[in-house]
Amino acid sequence: MQVQLDMEGALTARDRVGIQDFVLLDETTETAFLSNLKKRFSKDLIYTYIGTLLVSVNPYKELDIYNKKQMEIYMGVNFFELPPHIYALADSAYQTMLTEFNNHFILISGESGAGKTEASKKILQYYAVSCPSTTLLNTVRDKMLMSNPVLEAFGNAKTLKNDNSSRFGKYMDIQFDSQGDAVGGHILNYLLEKSRVVHQNHGERNFHIFYQLVEGGEDDLLHQMGLERDCQHYNYLTQGECAIVSSINDRNDWKTVKNALQIINIDEINTNHLFGTVASVLHLGNVQFDSDSKGHALLNNNNAELRWVSNLLGVDAHSLQEGLTYRKIEAKNEQVLSPFTTDHAIYARDALAKAIYGQTFTWLVNKINESMENKDNSRKTVIGLLDIYGFEVFYVNSFEQFCINYCNEKLQQLFIQLTLKAEQEEYEAEDIEWEPVQFFNNKIICDLVEDKYRGIITILDEECLRPGDASDLTFLERLEEKMGNHPHFVTHKLADKMTRKTLERGDFRLLHYAGEVTYCVVGFLDKNNDLLYRNIKDLIGQSKNAIVKECFSSTDPDSRRRPETVATQFKSSLLKLTEILMAKEAWYIRCLKSNESKQPGQFDEALIRHQVKYLGLMEHLRVRRAGFAYRRKYEVFLKRYKPLCPATWPHWRGVPADGVEVLVQHLGYMPNEYKMGRTKIFIRHPRTLYATEDAYERCKHELATRLQAKYKGYKAKGEFKKQKEAATKIETCWRGVQARKERDKRAWAVKVIKKFIKGYINRGQLKNTDNSEYLAFVRQNYLNRLKGNLPKTVLDKTTWQTPPAVLAETSEILRMLHYRLMVRKYVRGITPQKKAQLQLKLLTSSIFKGKKESYPQSIAQPFVDTRISEQEINMRVLQTIRNEHIKYGVPVIKYDRNGFKPRPRQLVLTQTAAYVIEEAKIKQRVLYTSLKGISVSNLTDGIIVLHITCEDPKQKGDLLMQCDHLFEFLTKLCLIANKENSVKVVQGSIKIEIQAGKESAVDFSLGQEPMVFKAKNGHLMVVATRARTR
């Protein structure tokens, strides 16, 4: 959030955001003025003061500085206490009015597009929010606020410089009662630009209300008034060739205007008459004339437009046609109709259109005044808002610019007078010697325009009244005769050779306070006369349209007196306005355009310099700076700067003026740098204030540091004490809690131990109240121990926890369940391959377990499908035995029957027989049906004897061989040949039948090393080693 700084506090940021009051500029040059304005504009700070005058630069974008929160910030605050703002000026005027119970006015000036109308709206909105609120007061405020859109619709138009340019001057009095409540209002209007009704320059529009009616009016209303929804259809709306503008929404504005008319109490009948009057002007602009053979004006064949005019105005169509084409001349008792030329007829038509619109606008202002009028006769104070056109300089300047610039000359004269008067009064009130101020006095220009005998307005009026062929050029000649030597007046005839190049023959130039302006005299007489022919005026006075009748029947129809000219009327109204303003306290807002293209962020220095000049801002600054740049009440000055002097810090007990004197002496002010008034100190140079403010800023930081240190120390000590007390309390409470817990814990422990001892003593008894908890504890303890030490495998029979007596049966049941569970898990985890392996091992176990010593070592060795692959068997042998389906093969050592000589052979088991193979030759085929038995020893050797039935003496006997995979081979053989019961484990020796009728034996013994040899007794001796114990 942006920090709000008061006037003096903002001086420390002057290099960054400029100075808030131009009076405090170190140099009062135009360059320094523009530089400060630009610096503030670049930071979106559009408001700057010159004393109590507010300079406003149009940013051409929305700024978030006009919300209700901002209004509340500025309510009741000293003028210089917060940054410059239009709310500060509005509030100061309001608060001063309440305090002093006097009248004030706020003069808002600037050229078209500078933001004058917006400024007046912002002030009205501020008063609507800040003033006390009741139902009655809210109604008055609504009428004041809603008068704006109505007056803008009828009095504003798009120009080259501004899409919503006010084409009239407006002075509004806001009436307040003694409590500060807004209770009424009154509006004065000045110099409506009626010529715009009938003529617009290229790129400009007629008054907004015409386009709003055509674009936004309801279909029934348009039909009732004979209008089409097309602006191009009406001559008075198309001359500028820009009927449609993107920045203007005529349909929405129409709705706003209709709503506003209801709020300001204009009833439906008058509203219809009002729109009928506007429509009649549009139809009147479409009335066209032709010439007859004599050059006299005739209406062309299309009389529809004239009929609509007569209907809407409520006048006779024939009389209206006659009034637009003939002039009625009265000679003694006779009336003669003199025909118009076409040009005269067009002039009469346009004059009627301007008169109708101008009088309607005046009627509308009067109606608004009636709705806002306060009928209470008690004394009231007022704040006036003067929203007046600024100084205008166009490429071609005509009668309207002459009047507007004359108005600005008068206001500048008033401005300087009031500013000087205010300065003088303040100096006198404070008993400070007044120093004369050098400034340009524009009275000479005002006299040039308004002098009763030799002024331009007087000469213009004389030329308008003079019989004969008076024209704009004869008016120029009279000016040259009367004021040929005036230093602020020049024409082509009076100018030197160089100046003549810049002047046309029909021009005259005035040197205004704001610069030179060249005026073209063409149209001056017509616009000043602004005459409406008598027969037309009489006809319109009989209108059935209530508004038109009221407007035109106010004058005496029998009066022969010529009405006052426009310039004279304007001069008189200006003099009255000056009298009104001189009786009030003045506040000023000067509005500046930042650029011509209406682009945000652009600062056109040349354009700004021109506006600063013609708004007289440098003149005003010089008046404010002529004596003393800065003045403040003693109390305010002392309150701010008292830390700079030990004698005044922290409190000054005496009179504030004495305190300020002591303070400035301590700061080293020179006598010519300041003056002491009755209630204020006056400082001559801004640099003196800068030095004081910079010293205050340094002192403020030092004081802040010291205060921070003291405060931090105080806070730290307080915090430490609080923490210490809290810690002590917490410790006390904690110790108490812990002691109570310990006591309860010990009491519980004693109870438990007693129960445990009693339960232990009665543990052998049946469950009762004395031992139930002990037995539960024993059970739980045993189960917890058992849970952590369960056997991991089925073979583990030793690690089961020994149960207490009461759980012996339970323990056994749990043990059985656990082992069954492990067995189930193990069985479910066995694969088909492993299952087959186990089935073979089971068969082996049934045959050899407990019989053969080498059996335990074989358990861990898995069986394989075969020890000889088909690739290792000779192809011829393979072809011979393949049909029998080879089941298993293993290498063996065969011992001959005679001599027991060892021979390496392959033993192959098929589905039907066992084959002993020597390379490519089958040495023996043993059918399983002829196999009568199988013998092995009980030792660790690998000798196998296959007992074969021998019925033929020539048939080979038993087969003796040694196999390294004895258990695997025999298990496979038993399974294939179904010989499980034929295997015998023999101790000592095995008898073998070498052939029918011839026997021998294999003897077995234990030794250090395994050996197989033929013994002396002719038997085969097999020496086996002892089996290794696991």
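In which sense, left-handed or right-handed, does α18 pass α24? The legend to View 1 gives the reply.

The model is predicted: local features need pLDDT of at least 70, side-chain atom pairs count only at pLDDT 80 or more, and totals for chains, interfaces and linings use all residues. Residues are numbered from 1 along each chain as its sequence is written, and side-chain values use heavy atoms, with hydrogens and water left out.

**View 1. Helices α18 and α24 pack against each other.** The crossing of α18 past α24 is left-handed (the near helix is turned anticlockwise from the far one by less than a right angle; clockwise would be right-handed). Helix α18 covers residues 456-465 and helix α24 residues 566-582; helices are DSSP runs (H or I, at least four residues), numbered from the N terminus. Their axes lie 9 Å apart at an angle of about 145° (axes are lines fitted to C-alpha atoms over the stretch in contact, and angles run from 0 to 180 degrees between N-to-C directions). Ile 457, Leu 460 and Asp 461 in α18 meet Ala 567, Thr 568 and Lys 571 in α24 (contact means heavy atoms within 4.5 Å).

**View 2. Tyr 87 and Tyr 126 form a stacked pair.** The whole structure holds 28 aromatic pairs (ring centres of Phe, Tyr or Trp, the last by its six-membered ring, within 6.5 Å; planes under 30 degrees apart are stacked, over 60 edge-to-face, the rest tilted). In this pair the centres are 5.1 Å apart, with 20° between the planes. Tyr 87 belongs to helix α4 (residues 86-100) and Tyr 126 to helix α5 (residues 116-130), so the pair ties together parts 39 residues apart in sequence. Tyr 87 is buried at 1% relative accessibility, and Tyr 126 is buried at 0% (buried is under 20% relative accessible area, exposed over 50%, partly exposed in between, with a 1.4 Å probe and protein chains only).

**View 3. Phe 756 and Phe 777 form an edge-to-face pair.** Their ring centres are 5.3 Å apart and the planes stand at 75°. Phe 756 is in helix α29 (residues 686-761) and Phe 777 in helix α30 (residues 772-788), so the pair links parts 21 residues apart in sequence. Phe 756 is partly exposed at 36%, as is Phe 777 at 41%.

**View 4. Charged ends sit over tyrosine rings.** The charged end of Lys 122 is 4.8 Å from the ring centre of Tyr 66, and that of Arg 205 is 3.9 Å from the ring centre of Tyr 211 (NZ of Lys or CZ of Arg within 6 Å of the ring centre and within 35 degrees of the ring normal).

Methods. Helices (H or I, at least four residues) and strands (E, at least two) are DSSP runs, numbered from the N terminus.
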